[in-house]
Amino acid sequence: KQWYQRRVAITAGKKQVGEKFFNSSEWRWVDGSEPVWWNWQKKMPDQEIDKKTKLFQDKVSLSKRGTWDDSFGFKVMPYACNYCGKYIVIKKHVRWEQARKMCESFGLTMAKINSKEDNNELDMAAKIMMGEEVGQKRWNNTNWIWIGTREVMDENGIGTGVWKHHDGTPLLWETPGWDFKRQPDNWVRKRGEQQAVAFSRINKKWDDSFLHKKRPFACMCPEEACSTNIY
């Protein structure tokens, strides 16, 4: 199929088994509020009946193209939540610079962690979006999430020991939770020096890492949007 379904938290009004229902004004979100916008596929909703249960389609699913279809509530599908957290974790494995650009392409910015509270909130977001299961090996790239912090390099490409966010703003957390006492250790290899921060899904600690590593990454809403609770 060219599209897949995601269940959205919207349902039709109550009706008796065998009663077909087409009054669009009776569709509601799970909190009882009435939708103010629709994007049904052509000729939808058609509310087909399931021959086994004698139930009509009274839930809404979202196609990959963003169109709506009425569906059965007993179907197993991916689902969407109305998430109001600060951070969004993307499971796709990419290099650090690509992660920064992808966040911007979504209208977001790469995650900035400035406190222990921020760090804990990123951990929660990672659990929501990636689950609590981690890779068996510590350095499995799935266990690490890129955040938007990196070391300031001098004109020779050598780390200065100063850490800033991707937009040039300072790291405000004076004692970030670096992983082990040796971190950041600034290893140097042929492809350069470790200079970008990765967040551990195992223990919430930080590690300096090579930019070319492909890992999941975290974005956040622009700060002006966060301050007005726009998401």
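First a term: buried means under 20% relative accessible area, exposed over 50%, and partly exposed in between, with a 1.4 Å probe and protein chains only. This is a predicted model, in which local features need pLDDT of at least 70 and side-chain atom pairs count only at pLDDT 80 or more, while totals for chains, interfaces and linings use all residues. Residues are numbered from 1 along each chain as its sequence is written, and side-chain values use heavy atoms, with hydrogens and water left out.

Now the overall make-up. The chain has three helices and 13 strands; these are DSSP runs numbered from the N terminus, H or I of at least four residues for helices and E of at least two for strands. Of its 231 residues, 38% count as buried. Contact means heavy atoms within 4.5 Å. Among contacts between residues at least 6 apart in sequence, 68% join residues at least 24 apart.

Next, strand β4, residues 68–71. Are its faces covered or open? Both are covered: Trp68 and Asp70 are buried on one side, Asp69 and Ser71 on the other. In a regular strand, side chains alternate between the two faces of the sheet. β4 pairs with β3, residues 59–62, in the antiparallel sense over four bridges; a pair requires at least two bridges found by DSSP. Lys59 stands opposite Ser71. The hairpin has five residues between the strands, and Gly66 takes a positive phi near 90° there.

On to the cores. A nonpolar core is a set of buried Ala, Val, Leu, Ile, Met, Phe, Trp, Tyr and Cys residues joined through side-chain atoms within 4.5 Å. The largest has 19 residues, and those touching the most other members include Tyr87, Ile113, Leu122 and Trp206. β5, α2, β7, β11 and β13 each supply at least two residues of this core, and α2 gives the largest share, four. A second, separate core of 13 residues includes Met102, Cys103, Trp144 and Trp146. Back to Tyr87: beyond four places in sequence, its contacts include Ile113, Leu122, Ala125 and Met129, and also Asp118 and Glu121.

Last, confidence. pLDDT is the predictor's confidence in each residue, from 0 to 100. The chain mean is 81, and 77% of residues reach 70 or more. Over residues 1–7 pLDDT stays under 50, although the model has 31 contacts beyond four places in sequence for them. Where pLDDT is low, the predicted coordinates should not be read in detail.
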